[in-house]
Amino acid sequence: MGAWMMAAMSFRIVTFLMACAASAGIAWGLWGLQGLGPGAWLGALLWFALDARGAHRLLAALRGGNAAALPTRESGGLWGELAQRVRKLLRERDKQVHQAEDRLQEFLTAIQNSPNGVVLIDEQSRIEWCNQTAAQHLGIDVHRDLLVHLSNLVRHPDFVTYLASWNYSRDVVIDAPTPPNRSPGGLRAHPLRLSMQVHAYAGNRRMLLTRDVTAREQAEAMRRDFVANVSHEIRTPLTVLVGFVETLQNLPLGEPERARYLQLMSQQAQRMEMLVNDLLMLSRLEGGAPPPVNQWTPVRALLTPMEDEARALSERLVPGQGHHLTVTMEDDAEIAGAVDELQSAMSNLLSNAIRYTPGGGKITVCWRVLPDGQGEFSVRDSGPGIAAEHIPRLTERFYRVDRSRSRESGGTGLGLAIVKHVAQRHGAQLHIHSTVGQGSCFSLLLPAARVQSAAVFSKL
Amino acid sequence: MSEKHLSSQFDSELNAISSRVMEMGGIVEAQIDHAIDALADLDTQIADQVMETELRVNAMEVEIDRELLSIIARRQPAARDLRLLMAISKATANLERAGDEAHKMARMVKSIVNGGMARTLPGNELRVAADLASALLRKALHALARLDTNAALSILKEDDLIDSEFDGFVRKLVTYMMEDPRTISASLDLVFLAKAIERIGDHAKNIAELIIYIVKGADVRHTSMQDIEFTLQRDESVS
């Protein structure tokens, strides 16, 4: 660089001297010796004029801010070189800016894809930037709402106080502001619960993180409900038992009465036992090893004991009348999985049908292999049916369509929860169709991988 | 909510007062949501909470009005700023009234619960109308924050839905009252409750009209829907 500068400077001096010398030479030729001095002066002036023109062109290009209009090196001299240097510098700066922009874009894309909502807020709490998730959570329009005050759009009093407090050591949980463009009449059945946490950075700029905690809160509520339900379900028979024990202790009773009370006590004790068994079954299903895929059981072996059990239950519930129970097996097949679990699931479905169908009703159990290889176990009854709003919640633990009726028929409230768990573990699906007044159909659809029709295994 | 002025102090004053109104709107929204919850669960505790919030809303209204007066006196605003300030004053009044309606709802819920006839009446059917009204107010405040005239126009149209829900509900209540005269006093409470909900929708509608007033300078109160649409379109084609 230094060497080049020296070269350029000496080049300048040389051209200057050459201009002076050339002009002096011409003047000498024209006017003789006395023209020499003014000729040199004229040459110097000419040189300066040309030089000034080059400088002016460079300055004009720089003023215009147009890098392309900068004179090229070929236009010569110091100014051309200078223009070239400026252009090179600009190009490098441009490249850096591009790189920085790309990096920024990458960062923004990363934040854009974060599962949490992110809103950047300036010192006046206006929205500077927000990602799609936050826009969805808070009902913000990503483009239109820039520089709108955040607390004007998210107006929940708790959040407004929180944002203004400048104390962000904890988060605040609010109901999501309903997106204003939602269909009218949309009920707020499950409002989105949002956890809002602000972090201050770079002085008084802030970043708001929003997290959807609906599922977490629902899970907590479910856990609370479950514990409350279990205690309630266990306490009910226990209260009855305690009552009878006190009666037996305090009152002198005749033998037949004693026998009757003991009979009732044993019923309650059985109910408690059933409940505890079901609970244990559920916890086994939740924590147990996955069901085996190569342990094959003939469906017939599952259906036969289940049918006997069902007939006995039907006889006990409606003595003398019973139900019209038909069990059909369209295809002989084997299924793979945990035998006891499958048996429990199937017999739960059947015993439900018997419990909820009045005496004399029709119950049809059917096993068949569908054309695509899936196995379908279905229980169809002619009971009272289930209203559509209850169906999605049927598999919840202790969910009862009608509290009084369910308890007198002696269920634990865990049957369908067990069926659902068994189905999930075996990759099966539980379908429930029901029409009020006409009856219901529960079907268990086993995946093709777990079903082997008789035709196939007889060939082997 | 406002554009740039030479005096940045004025700007920040306008912003501050707009924020105050939105904050008040947030409180009223929460109050209405709580009142709806109280109605759905027939919960007197939530109802008490709603009635307590009312004091805060009232205090805010007075405070905002005082600030407004001081701004108008000191800055002598004109044109859009004056319209904005006038609209803020009216929006505040409307919000306060909406809060009053929530308070009324809470009082009715308490009276229904104490009357003991709650479960036999179709109180839950008010839920649809109540959610509509609450969503409408939320939408109106959003539109106010964004000064969005299109949203304002759709609010004006939606208010009819609530009105028809109200009519249907009253008809249903009449059948209940004819069946069993003992339900009359509770039914009357429910009618007032339904009326309060319907009024909340009306206040949301008023706020929507104010938005058009701020942005377009056209007073669209007591104007037919065609005329309002015409006003908006004409201004759009001019600007």
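This is a predicted model: local features need pLDDT of at least 70, side-chain atom pairs count only at pLDDT 80 or more; totals for chains, interfaces and linings use all residues.
Residues are numbered from 1 along each chain as its sequence is written, while chains are lettered from A and ligands numbered from 1 in the order in which they are written.

**Chain B: a helical chain**

- Of its 239 residues, 44% count as buried (20 or more other C-beta atoms within 10 Å of their own; exposed means 12 or fewer, partly exposed in between).

**A helix pair in chain B**

- Two packed helices are described by the angle between their axes and the distance between the axes.
- Helices α1 (residues 8-41) and α2 (residues 44-75) of chain B pack at about 165 degrees, with their axes 10 Å apart; axes are lines fitted to C-alpha atoms, for helices over the stretch in contact, and angles run from 0 to 180 degrees between N-to-C directions.
- α1(B) and α2(B) are therefore roughly antiparallel to each other.
- Their contact involves 16 nonpolar, four polar and six charged residues; here Ala, Val, Leu, Ile, Met, Phe, Trp, Tyr, Cys and Pro count as nonpolar, Asp, Glu, Lys and Arg as charged, and the others, Gly among them, as polar.

**Where the chains meet**

- Chain A brings 18 residues to the contact and chain B brings 22 (two residues are in contact if their C-beta atoms, placed from the backbone, lie within 7 Å).
- On the side of chain A that touches chain B, α5(A) gives the most, with three residues.
- By class, that side of chain A has eight nonpolar, six polar and four charged residues.

**A sheet in chain A**

- Five strands form an open, mixed sheet in the order β7-β9-β10-β12-β11 of chain A; two strands pair if DSSP finds at least two bridges between them.
- β7 (324-329) and β11 (429-435) of chain A stand at the edges with a single partner strand each, so one side of each is left without a neighbour in the sheet.
- β11(A) and β12 (residues 439-446) of chain A pair in the antiparallel sense over seven bridges, and A:His431 has A:Ser443 in β12(A) as its bridge partner.
- Helix α9 (residues 299-317) of chain A lies across β7 and β9 of chain A, at about 180 degrees to β7(A).

Key: Helices (H or I, at least four residues) and strands (E, at least two) are DSSP runs, numbered from the N terminus. Angles under 35 degrees count as roughly parallel, over 145 as roughly antiparallel, 65 to 115 as roughly perpendicular and the rest as oblique.
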